[in-house]
Each structure stands twice: as structure tokens, then as C-alpha cells.
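Colleague: I am new to this structure, and I would like to go through it with you term by term. Could you show it first, and then let me ask how each label is reached?

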Number of protein chains: 2
Amino acid sequence: MKHFSEISPTAVRVVDAAEGLVQQHGYNGFSYDDVAQLVGIKKPSIHHHFPKKEELVAVVAQRYTHRFREALLSIEGQHAKAPDRLIAYAALFERTFAKDRRLCVCGMLGAESDSLPEAVASEVERFFKVNLEWLKLVVADGQRAALITSKSTAEVLAEAFLCALEGAMVVGRGMRSSRGPTEVGNTFLFSVLT
Amino acid sequence: MKHFSEISPTAVRVVDAAEGLVQQHGYNGFSYDDVAQLVGIKKPSIHHHFPKKEELVAVVAQRYTHRFREALLSIEGQHAKAPDRLIAYAALFERTFAKDRRLCVCGMLGAESDSLPEAVASEVERFFKVNLEWLKLVVADGQRAALITSKSTAEVLAEAFLCALEGAMVVGRGMRSSRGPTEVGNTFLFSVLT
DNA sequence: GTCTATATTGTGATAGAC
DNA sequence: GTCTATCACAATATAGAC
């Protein structure tokens, strides 16, 4: 599989455009022509960079996961305590949703997962595993420091938190509300942590 | 807009097939040919019952919401206390997911909402409003009876609970896990509400 | 109500010139 | 790398016979 770090400047713009289209319309909701028009080149030029659609979207998901990992590392550098880290984590989702009510790339693709090419579905799966693993460690740390008092396991708390944030984006969109995932995240944190 | 209660027996089978296809592949992920093959008639016959795709899917969402309201009423008849009602509510989602990891019709359509015909998007919006309204009343009742001790408002607790359940289906699918929304629902009920 | 046939448009993908 | 031209096919949708 191609790696996003080894692609040309134009290919980067193609991935940028495809990322936005996936967030707004899903895998089956956009075409190579849509990408071409956003980038400002013709359809066959998109195929030159990414011969198959599943390749393009797999790279979109791959890069998205990588950037998320960078963001998680950045949070660790900026916040020492578990509750602050979880608040910063929720803010990642809020920032995504704030831009045209965009969905998480892997939230959208996750919903479509059963009708996705394997190469894409496995990238999506990896995104969730990476996030759950990180959240689990943060929650466990918070419990150890008695900053999180819930008696549920770190694993199920991490999963519930992630699901609440992903769900908030889907429901917010479905209700055509401009309210982002922050409130749902806060409700969860406020009730679980204290 | 056509009402689902006034359609012919064959049209009912068409809606049945379309409902499953929406849950598994989304609005943009299935075609009239897919519906035709499931029902066992030809594509133009589907058009005879539902001339436009948006009409068909709008009826799918309309009927889905109606059935949900019936289920909510049934829960009220079977459970008196708020926590029991919320557990039964989560079980509705679990049953949907248990069948081939199907998504909530409006969870799937909610994710796609921005690229949906208005007639469909407004039905989806209504589904969420109906559910949030019901959940809010149940939560408020639970708080009045001191069975739910969280100090957050009934409104935000209702929203967080719904988002957690919808999100659990999306994440469960994205992770290709067979674990349904029940665990997330339980975590929420156990840690957040009490 | 269902069918065959067809119109029309869109879609992923390729060939080959520049 | 980008383009024009084109393919093969799938999509929504309609006309009109039975």
C-alpha cells in the first residue's frame, strides 16, 4: 500500500479534496469528477495519481489516522492530567465538526464499512483501535490518580467516550444542529469523572 | 408525502428490502436493481410503486420512526421506572445491531444527511427529535424519583445517551466487532446516571 | 402490476498524444 | 503530469405493451 508521506504535491491536494468529500458525502457519495473539479485538474489526472478509488480513500484514512496520532502526542505534551487530556481529545472532534459540520473520516467510513473495499475497511479498523488504546491508557491513569472515580473498567469507559463523540457528530448532523460533540463530551466527563 | 400505512402488499416488501439495504449500505450504497432482486420483481416495477428513490427512502424512514414510537410506548407499558425504561431502550439498538450488524436507519442516514434529498433529511431529523424528547422525559422522571442522581440536565443526559448508542453501532461496525451497543449503554447507565 | 425496451446521465477506469 | 477521447457499465427514470 502506498504511504501518504511519499506522494507528490499534487497528490497531496488530491488527498485533501478527497478527505473533505469523504467527510461530507461518504465513500459512495463522491466521484473522481468531484475530486477533479476541487483540485482543478481533469478526471484522468486523478487516476494518474491514484489508479483506483479504494487506493485514494485508503490513503485518506491512513493519513487521517497518522494526524490523529500526532494530535494525541501533542495532547500528552500539553496536558499532564487525564481529565485535561480527555477534554483536549473531545476538542479534536469539535474542531472537525465546526468546519461545515464535517464528520470524522472514520466515523463516516465506519458506518459504510460493510460496503467498503477491504483496504479501506482495515484502515478504518486501525483508526478505532489506535484511539481506544490511547483512551484506555489515559482513563486508567486517571483512575490510578483518583481523578476518575468511576468503577467501570478503563476499557469500557474509553469505548463509551469514543462512541459518544462519534455518535454526537452523526446525531448532530442528522438533526441539522450546529451544536458539536463538545457538550456530549462534557456531559460524559462531568458525570464520569466526578 | 405518501404514508406507509396506505401502500400495497408488494410495496411493503419493497420498503422492507430498501430498509435493509439502507441499514447495510446507506442511501448512496444501493440501487433500484438491488431492491428489485431482493423483492423478486424487475426494476421498473419498483419505480411503479415508488417513482423516485427519495420517496422510497423517505417512506422507509417514516415507517422506521413510527415503529420506534410503538416500541417506546411498549416500553412504557412494560417498565415503570426510568432506569428500566432506559435499559429497554438500549435493547432496541442491540436487537438492530444483532441482525448482521445493521445500523439504525437514521444513524446511517444521519451520517449521510448533507447529501440527502430534503424529503429524506427531514424524516431523519424528526426521528432524532422524537427520540430525544422521549428520553428527556424519562430521564427527568428518573431524576425526580432520585433513581438518576446525575446533576446534569435531563436534556443533555438524553442527548449523550442517544449519541453513545448511535455511536456504538458506527464504531462497532468500523471495528468489525460483533459487540453491540448494550455494553456502551450499560456503561453509560451505570457510570453516568447513577 | 409487471414486463421489455430504452433514454439519459454518471462512474470508475484506460489508451495514447502532448 | 496533464490532457482529449473513449470504454464498459451501472444508475435513475420513463414509455408503452401485456
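Modeller: Let us begin with B:Lys129, which is found in helix 7 (residues 118-144) of chain B, where a helix is a DSSP run of H or I with at least four residues, numbered from the N terminus. This is a predicted model, in which local features need pLDDT of at least 70, side-chain atom pairs count only at pLDDT 80 or more, and totals for chains, interfaces and linings use all residues. Residues are numbered from 1 along each chain as its sequence is written, chains are lettered from A and ligands numbered from 1 in the order in which they are written, and side-chain values use heavy atoms, with hydrogens and water left out.

Colleague: Why is B:Lys129 called partly exposed?

Modeller: Buried means under 20% relative accessible area and exposed means over 50%, with partly exposed in between (1.4 Å probe, protein chains only). B:Lys129 has 46% relative accessibility, so it counts as partly exposed.

Colleague: What makes the pairing of B:Lys129 with B:Glu125 a polar contact?

Modeller: A polar contact is a pair of N or O atoms within 3.5 Å; within protein, one must be able to donate a hydrogen and the other to accept it, and residues adjacent in sequence count only if both atoms are side-chain atoms. The side chains of B:Lys129 and B:Glu125 make such a contact at 2.9 Å.

Colleague: How many disulfides are there over all chains?

Modeller: A disulfide is a pair of cysteine sulfur atoms within 2.5 Å, and by this rule the count over all chains is 0. A:Cys104 is in no disulfide, since the nearest cysteine sulfur, that of A:Cys106, is 5.3 Å away.

Colleague: Which residues have the most contacts inside the largest nonpolar core?

Modeller: A nonpolar core is a set of buried Ala, Val, Leu, Ile, Met, Phe, Trp, Tyr and Cys residues joined through side-chain atoms within 4.5 Å. The largest one has 148 residues, and those with the most contacts inside it are A:Tyr89, A:Leu109, B:Tyr89 and B:Leu109. Leaving aside residues up to four places away in sequence, B:Leu109 touches several residues, including B:Val22, B:Tyr27 and B:Val57, where contact means heavy atoms within 4.5 Å.

Colleague: Which residues come nearest to DNA strand C?

Modeller: A residue is near a strand if one of its heavy atoms lies within 4 Å of it. Of the 17 residues around DNA strand C, the nearest are A:Tyr32, A:His47, A:Lys53, B:Lys42 and B:His49.

Colleague: What is found around DNA strand D?

Modeller: Among the 17 residues around DNA strand D, those that come nearest are A:Lys42, A:His49, B:Tyr32, B:Lys43 and B:Lys53. Sugar and phosphate account for 59% of the atoms of DNA strand D that come within 4 Å of the protein. An N or O atom in the side chain of A:His49 is 2.6 Å from a phosphate oxygen of DNA strand D, and helix 3 of chain A gives the largest share of the surface near DNA strand D, 4 residues.

Methods
Helices (H or I, at least four residues) and strands (E, at least two) are DSSP runs, numbered from the N terminus.
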